[in-house]
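Here are a few exercises to work through with the structure open beside you. Try each task before reading its solution.

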There are 2 protein chains.
Amino acid sequence: MGESYTFPADRPLALDSGEALAPLTIAWKTYGTLNAQKSNAFLLCHALTGDQYAAGVHPVTGKPGWWSSMVGPGLPIDTNRFFVICANVVGGCMGSSGPHDINPANGAQLGLSFPVITIRDMVRAQALLLDHLGIESLFCVAGGSMGGMQVLQWAASYPERVYSALPLATAARHSAQNIAFHEVGRQAIMADPEWNAGDYFAKGTNPSKGLAVARMAAHITYLSEAALHRKFGRNLQNREALSYRFDADFQVESYLRHQGLSFVDRFDANSYLYITRAMDYFDLAADYGGVLAQAFRNTKTRFCIASFTSDWLFPTTESKKIVHALNAAGANVSFVEFETDKGHDAFLLDVPEMFQTLRGFIDAAAQARGLGAGRV
Amino acid sequence: MGESYTFPADRPLALDSGEALAPLTIAWKTYGTLNAQKSNAFLLCHALTGDQYAAGVHPVTGKPGWWSSMVGPGLPIDTNRFFVICANVVGGCMGSSGPHDINPANGAQLGLSFPVITIRDMVRAQALLLDHLGIESLFCVAGGSMGGMQVLQWAASYPERVYSALPLATAARHSAQNIAFHEVGRQAIMADPEWNAGDYFAKGTNPSKGLAVARMAAHITYLSEAALHRKFGRNLQNREALSYRFDADFQVESYLRHQGLSFVDRFDANSYLYITRAMDYFDLAADYGGVLAQAFRNTKTRFCIASFTSDWLFPTTESKKIVHALNAAGANVSFVEFETDKGHDAFLLDVPEMFQTLRGFIDAAAQARGLGAGRV
């Protein structure tokens, strides 16, 4: 299992909303060993439904961690070389402070009394964690989707602490269409009478049906039409002919129902509301007079921006905007678009070209940082 | 208001499921006048949430009919020349037989006892209506989306009754991604405890929250990312700054909530289940040994197939498959792709190039049919 620390109540997390979150708890997991110079720390930022269990086996689901293809001994994010840290985001439901926190005043879960948080708040909390761990600067910050938003925010907020940055399948601001999809998910949760205005723990209810619908809608956006066609097409599920009923006739229906049902076992509905809201609020340029390049002015961080051809949720056009801004800021940036039909989720999947490219970027940065050569 | 006819119980509608629907009621609306030769009948097929009120003012919503930009005196579908007929589909909720029908045995709504219907069943019912009206052959059958599916089915099932055909923004089979989006909508409805296994009339409940979520999810797919960005971007709704709450901060959220709420006033949740199911089941080639061209062999119908560049629900690739099959069948077919950022809903909207092109196709067909020249 991972570790967890609750900061003293007199060290609150100052939030973008103006509120202060105290006491702040952060739960995290590490892989590998911090070197004597403390120069090999590698921070991973997880996506909407991810958590600190990036590698190895997940203690709740028993399945591989979300980036176990990328993080481990000899893998591109090589735990023999790097001290890998991954923290559950503030607002999450795997041990860090979130709407499931207990209100000491009445012993009940906070629910919607928990303050709305932002991507910058998540990153601030991670910076406090690094202070706690005595790590001044990070060799690399990496993540995809919402994780990529955090990477960009890290580079903007703490440029001196970020030697290299790997934002994958992400954007510097959430689009209208993406806000719309998130709003559907939130409305699905809130429409569930068992949600009880977020007070479902106290009421002894569970908005699992609403959360499952939210997950199903979101899951479609993580894939591509081509991948769905390749995997399922119009194939029937365990039957020879149409049922002329409302059963799951098609494999794609059955798959989607399974995605919804299995998700509710590991995720909290209120956390889903808070984290989607944080993504919707993300607009990095807005904090810099609307000019994204200003977020990266004078940066010394080495960037590698990556997108995926079939990702329609965070399309390549969004990555290119980041690349343009970094170039305008005179940053050290490379950009790669990977050819795949796997959609947005490609950054989590087996894309050999991605492994090769990221290994090359990470190895070159490590050599420049004086961390020695990687596995040949 | 429109008209309605209930066929005698001994003239049931034979369904693809093997069941028979009786008594069958069809509700329809006509515009213009049938000529003496009965050669100017123009059938419109409506989409998932449309109905028979294609032109003029809708009697329930008070808003213009769904194709009022296209259908009327002097418009491309000119009601001074054509006798336009539009019928509510079987399974719908504007007067035709559907799950809201009363079971005479117990006086309660049928709910899920209503048989599952298909696109071909909808078309069979329309053919019965034409028999009832004494109309042997149609000058044209036109429709978009699910309406386009019916147009294709008309041309396949009754080629001798269809002089010309206009399927817009459609496909010859529903894709895995589209089935997945429909399944999300159905699950949203079924997750609403007020749905009561479809028996909500008897229970005095209304699954309006579930239906609203279904509509919200679907509505995003009817638009394009570019259109959402152009219309809303990240603009805030009636506020200067983020609320740090779960209110509708963004205009796109407010717009989407409105779409959901206004829809439930005019649509029945069970009808939504049945009609989405019919679309999912649609696979025209499957009835012809998997070869779409066989559906159109020896056809004499004149086809115009149209798609829209930003339509990602029924993309141009799907229209091209229809065009290829028609060409393989030696059919008289023209194909046009309209440049627009308006997404799937473009076929319902103000796209001047579409008006011009469809007017040209219809006028040429009318002259070939001996209906004289149209408005110059």
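**Exercise 1.** Which elements of chain B do the buried residues of α2(B) pack against?

*Solution.* Keep in mind that this is a predicted model. Start by finding the helix: α2 of chain B covers residues 146–157. Its 12 residues reach 16 Å from first C-alpha to last, close to the 16 Å expected at 1.5 Å a residue. Next, pick out the buried residues, among them B:Met149, B:Leu152 and B:Trp154. Now look at what surrounds them: the buried residues pack against the helices α1 (119–133), α8 (269–281) and α9 (316–328), plus the strands β9 (138–144) and β10 (162–168). Finally, 11 of the 12 residues of α2(B) are buried, so the helix is largely enclosed by the rest of the structure.

**Exercise 2.** Work out whether A:Met354 is buried or exposed, and which residues it touches beyond four places away in sequence.

*Solution.* First locate A:Met354 in helix α10 (residues 352–368) of chain A. Then count: 21 other C-beta atoms lie within 10 Å of A:Met354. The cut-off for buried is 20 or more, so A:Met354 is buried. Leaving out residues up to four places away, A:Met354 touches A:Ala306 and A:Phe338. A:Ala306 is 48 residues away in sequence, yet its C-alpha is 8.6 Å from that of A:Met354.

**Exercise 3.** Find how chain B can be laid on chain A.

*Solution.* Turn chain B by 180°, with a shift of 0.0 Å along the axis, and the RMSD comes out at 0.0 Å. The two copies are thus related as by a two-fold rotation axis. Now check the interface: 100% of chain B's interface residues are also interface residues in chain A, so the copies meet through the same surface.

Terms used
Residues are numbered from 1 along each chain as its sequence is written. Chains are lettered from A and ligands numbered from 1 in the order in which they are written. This is a predicted model: local features need pLDDT of at least 70, side-chain atom pairs count only at pLDDT 80 or more; totals for chains, interfaces and linings use all residues. Helices (H or I, at least four residues) and strands (E, at least two) are DSSP runs, numbered from the N terminus. Two residues are in contact if their C-beta atoms, placed from the backbone, lie within 7 Å. Copies are superposed by least squares on the C-alpha atoms of residues with pLDDT of at least 70 in both. The expected span of a helix is 1.5 Å times one less than its number of residues.
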